[in-house]
Amino acid sequence: DFGPHYFGEVLHRSIVIFNNGPIDVKYLITYGSMGEIKVRLGDDKGGASSNDPEDPYADLILATRQKLRSKATNDNPYTFVPLSSVVPAYSKAKVSIEFAPKDVPNTKGFSSQLASPESAARSFEGLALIEFAGCPPSSRMKLPVKGRGMACGFAASPMFLDFGDVPTYGWADQLVTFSNTNPLLPVVFDARKASPYFDIQPNHGLIHGGKEQQVLVRYEPKAL
């Protein structure tokens with residue numbers, strides 16, 4: 001379970017496949033949505049697997065198909081590396097799992113308001129099927145994977161500041177509230193002043209999910 005993460009982030013986890021037997025074993029990983037893998041398991045019931053682990057091109061063909069489908073729909077943010085390898089006798093092999101959630105842009109119509117991070121969240125549930133060459137179907141392993149992609153949510157209030165008339169070498173202060181509208185994930189802000197006459201304190205920080213942070217904006221004209 002990768003948990004919630006921002007769209008565009010890339011995370012890695014790993015699993016280890018152990019071979020406790022006296023001979024080398026080749027494995028092949030197929031992954032996709034729960035429905036896709038369940039259909040595949042139903043099709044293979046009572047028969048041979050449609051992906052032959054002995055085929056030297058099986059992993060390349062499988063990886064290409066899955067990447068093309070994922071690129072077209074953004075519905076499969078998982079990548080397993082390697083998809084196929086040989087585990088020596090009485091040894092182990094490491095498989096890396098990458099989770100890179102992507103949002104699907106909505107280009108239909110327009111809206112005066114941005115969708116909330118909660119409403120724009122996407123849940124990704126998948127299933128990996130690990131098969132072994134020369135072994136019966138009962139030896140296949142199923143690995144559920146899930147994660148959640150969320151949008152960043154940040155708001156500032158007020159959006160416009162009017163300091164009025166301030167004498168040279170004097171100053172005027174106003175408070176601005178930064179809000180993290182994402183209820184689960186923290187956001188980091190870094191406020192950079194565009195003029196030497198303005199200052200922001202604190203100018204950087206971390207705001208936890210659903211929380212607020214007040215900053216002080218100072219206008220200090222130093223010359224006419």
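Strands are DSSP runs of E of at least two residues, numbered from the N terminus. This is a predicted model, in which local features need pLDDT of at least 70 and side-chain atom pairs count only at pLDDT 80 or more, whereas totals for chains, interfaces and linings use all residues. Residues are numbered from 1 along each chain as its sequence is written, and side-chain values use heavy atoms, with hydrogens and water left out.

Strands β4 and β6 run antiparallel and are joined by four bridges, where pairing of two strands requires at least two DSSP bridges between them. Valine 81 has serine 96 in β6 as its bridge partner.

The structure holds 10 aromatic pairs, a pair being rings of Phe, Tyr or Trp (its six-membered ring) with centres within 6.5 Å, stacked if the planes are under 30 degrees apart, edge-to-face if over 60 and tilted for the rest. Two of these pairs are set out below.

| Pair | Centre to centre | Angle between planes | Class |
|---|---|---|---|
| Tyrosine 78, phenylalanine 99 | 5.3 Å | 25° | stacked |
| Phenylalanine 178, phenylalanine 189 | 5.2 Å | 70° | edge-to-face |

Because tyrosine 78 lies in β4 (residues 78-81) and phenylalanine 99 in β6 (residues 91-99), their pair ties together parts 21 residues apart in sequence. Both tyrosine 78 and phenylalanine 99 are buried, and Phe2, Tyr78, Phe99 and Phe124 form one aromatic cluster.

Methods:
Buried < 20%, exposed > 50% of the residue type's maximum accessible area, 1.4 Å probe, protein only.
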